[in-house]
Amino acid sequence: MSEQPLQAPIRRPATPMLRQIEDRPGLKEMALGVPFGLKVIGAIMGLGALVLMAAVGYLVVDGRLDGQWYDVRDLGHAVAGLRDWLDGEGVDHRLTWLITGALGGLAIMSIVGGWLLIGSWVERRVIAKFQIRMGPNRTGLFGLLQPIADAVKLMTKEIIIPRGADRFLYYIPPVLVFVPAMLGWAPIPWAPNMAYMDINVGVLYVVAISSIGVLAIFLAGWSSNNHYSLLGAMRTVAMMISYEIPISLALLSVVLLTQSMQLSEIVAFQGHYHVWMIAIIPFAAFAFLFASTAEINRSPNDIGEAESEIVAGFYTEYSGMKAGLFMAVELAHAILVGALMATFFLGGYTLFGLEEWVPGYLILAAKIGAVYFLFVWLRGTLPRFRLDQLMGFAWKFLIPLGIIQAFIVAIEASVFVRVDAPAFITLGAFAVVNLASTVVMVRFWADRLGYAPAQHATKPELTNALGGLKAAQRLRS
Amino acid sequence: MASHAFEVDQTGTGSAEPFVLNIGPQHPSTHGVFRLRVVMDGEIIRDLDMIVGYLHRSMEKLAEERTYTQNIPFTDRADYLAAMTGNLGLALAVERMTGVESPDRAEYLRVIFSELQRIASHAMANGTLVSDAGAWQTPLLYMFREREKILDLFEMTCGARLTTNYMRIGGVAFEPPAEFWPALQELLDELPERTDEYAQLLVDNEIFLARTRNVGIISAEDAINASLTGPALRGSGVPWDLRKAEPYCGYENFDFDIPVGKVGDVYDRFMVRMEEVKQSVHIIRQAVEQIPPGPHKNDIPLALRPEPGEIYSRIESPRGEIGFYLVSDGTPAPYRFHLRSPALINLSLLRELGEGASLPDAVVTLGSIDIVLGEIDR
């Protein structure tokens, strides 16, 4: 041991950066430092919210809220009330239809727009926590104004059109790519009477709408006159077309079991039997989630805009707000997939009877948030697949097994209709059968494909002997 | 050898123009200003050209105008991710040339700092490799956590984090401050744990394994023929490490093992680096135990005038064999100063590895070779 004072206490962190981090006030100090007036206002608002909740609870128990226009649990009643009032005033029914339609559209746009405002902040903060960073924290409280600052920055930037680009086609995609992200929201029920367009072929509509996005992406890649863009577009198109099929097969299982293509019916089925589809057909739920990440270009399947390979993929050449729109639509797609996932597999706006008390749209929003968190989590954790691996996974794994799963579910659906047994017995049996069949299928198919999970995680050999080629051969044998 | 880029006909009809992709010089995964010109056939690379020189600063020529001590900062800027070993390489070369001795304590400090630098550099290399594989920078930032602490140790000792300029001819520049030792101890205690944490995050990860196993395989024969060194060579299974083969700074007194891979793929190179981090921790522990008291530096003349002659001196940098070829004409400045850059020579095999591979595989392979452009271009 040396004469150095090994146990010398560290009075202060030794470097400026560490000192700065130590001097930063914690959350508790910041909360205590709020001015007295703001504390009073906060207390009053909290008390008011409690009183309001108590009043709503009283009305709910009393049964006086059901079907009233001021029923906060289901804003569909408010719109219906407005429509009845307008009709009563003698307004042309076409105008009435237009007004209520515009209101609904506005609502959807504000949901998406509102999410664009906070979504990027949420994603960046959450992923920063995964990555032991702080995330945006300089613009406003906790960096909440960061998305606005980003948007202002992007809008003020110059939009560069590459030489040789097809100008007309180059301008369309950033706008076109938003269309399916908005239209997809139409059939999603937020509460029993609260869907913008509760059509009876809702599932078909969702599948159809989701394929429009390919067009915009391919236009973007083609018109940019850039090889990275073209490669990204090619990858994305290949991906989207491949993963349409697992999505359709997964939704087919749901449709077979619930006997309906109407999204509100699918949710009502789950609410009625107090079961989530993910429990009955886990394979379909997994296939839908995984295929969706490929469909919307999110990690671990974000090969269309794989940064380390093809820079930004199909939107490499876009700058300013045009690039910003492509980035924004990614957020919009993520919550749309969250909503679809929640509707099809996670019980939609229902939560085991709680929807009687809590507004259904809040429950759905919470579920969307949960799925979104899962997406961020995946993005913060997993490396990216290679294109051939991802395509192989779709064609060799998800599609054959999806067909088998749909076949099994079809038999179960006919049993469910014909057998007069309590639902919890039949559905419980289906859940067990499907889980078991999924495990068997996956194991069997993985063996068939030659995939052996046990071959992994070898460690390098430790040696003390030196040498060249002969030593290498000796070590290897 | 493949044909030249523009002679490749992808479709066989003779009508298509080659799909040329310029990866770099500004690209997220080229680790600097490195340019790859690849001819693609769909996702498959048919031909690949490596173009270097964007960071050329004429170091070797500039070095001829400066004294040996004044040249040490250049080695910081050559391999800027492993400045300590660069410094040490030059200092040792000049010491061997002139016969200057450095005190015992300085030798131990040199070992401690170059092993710390090796950990920091391997953290960077493996982190960027996983980023290239598409993990959205999470492993990179986890590995940066330890790298930051190491850079803090450097900052405490010599005031700089990257361009340390710490090693001197005849010793080291500064004695570490009192805070250094407990901070180092803390780091050493948590490093093995943290390495296991990364292993949990990555080595058990199916996607990471699918992306790295059996990708970019370099056989032991190819590795030796291309004179690869460092983890790229050891990943191919060749047990060769200058710290054992030609011990310097008293490495012969320390107990450590050489990790070697089995297949020679990207995964093996990754794992060899992970294992080397553990071995470096082991070495530093022994060095901290054994470090003797005494001066950290011998006094040497301000302008060293070596006898006319030449020397090639090499040490094991995190990237492989960094060698200094110095020719002296008896003046205080070297007549010729040549840096054998391990990254440049390791990179030379990329063309063979890339052809026929897919673009993502080539990117991951490039990441696993761990290039530093400052050293390649000099």
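The C-alpha centres of domain 1 and domain 2 of chain A sit 25 Å apart, with the domain bounds coming from an automatic or database domain assignment. This is a predicted model, where local features need pLDDT of at least 70 and side-chain atom pairs count only at pLDDT 80 or more, while totals for chains, interfaces and linings use all residues. Residues are numbered from 1 along each chain as its sequence is written, and chains are lettered from A and ligands numbered from 1 in the order in which they are written.

- Domain 1 of chain A covers 42–141 and domain 2 covers 160–450.
- Their contact draws on 21 residues from domain 1 of chain A and 20 residues from domain 2 of chain A (two residues are in contact if their C-beta atoms, placed from the backbone, lie within 7 Å).
- On the domain 1 side, the elements giving two or more residues are helix H4 (75–88) and helix H5 (93–130) of chain A.
- H5(A) gives the most to that side, with 12 residues.
- The domain 1 side splits into 12 nonpolar, 6 polar and 3 charged residues (Ala, Val, Leu, Ile, Met, Phe, Trp, Tyr, Cys and Pro count as nonpolar, Asp, Glu, Lys and Arg as charged, and the others, Gly among them, as polar).

**The chain as a whole**
- Chain A has 21 helices and 1 strand (DSSP runs numbered from the N terminus: H or I, at least four residues, for helices; E, at least two, for strands).
- Taken along the principal axes, the C-alpha atoms of chain A fill a box of roughly 95 × 65 × 60 Å.
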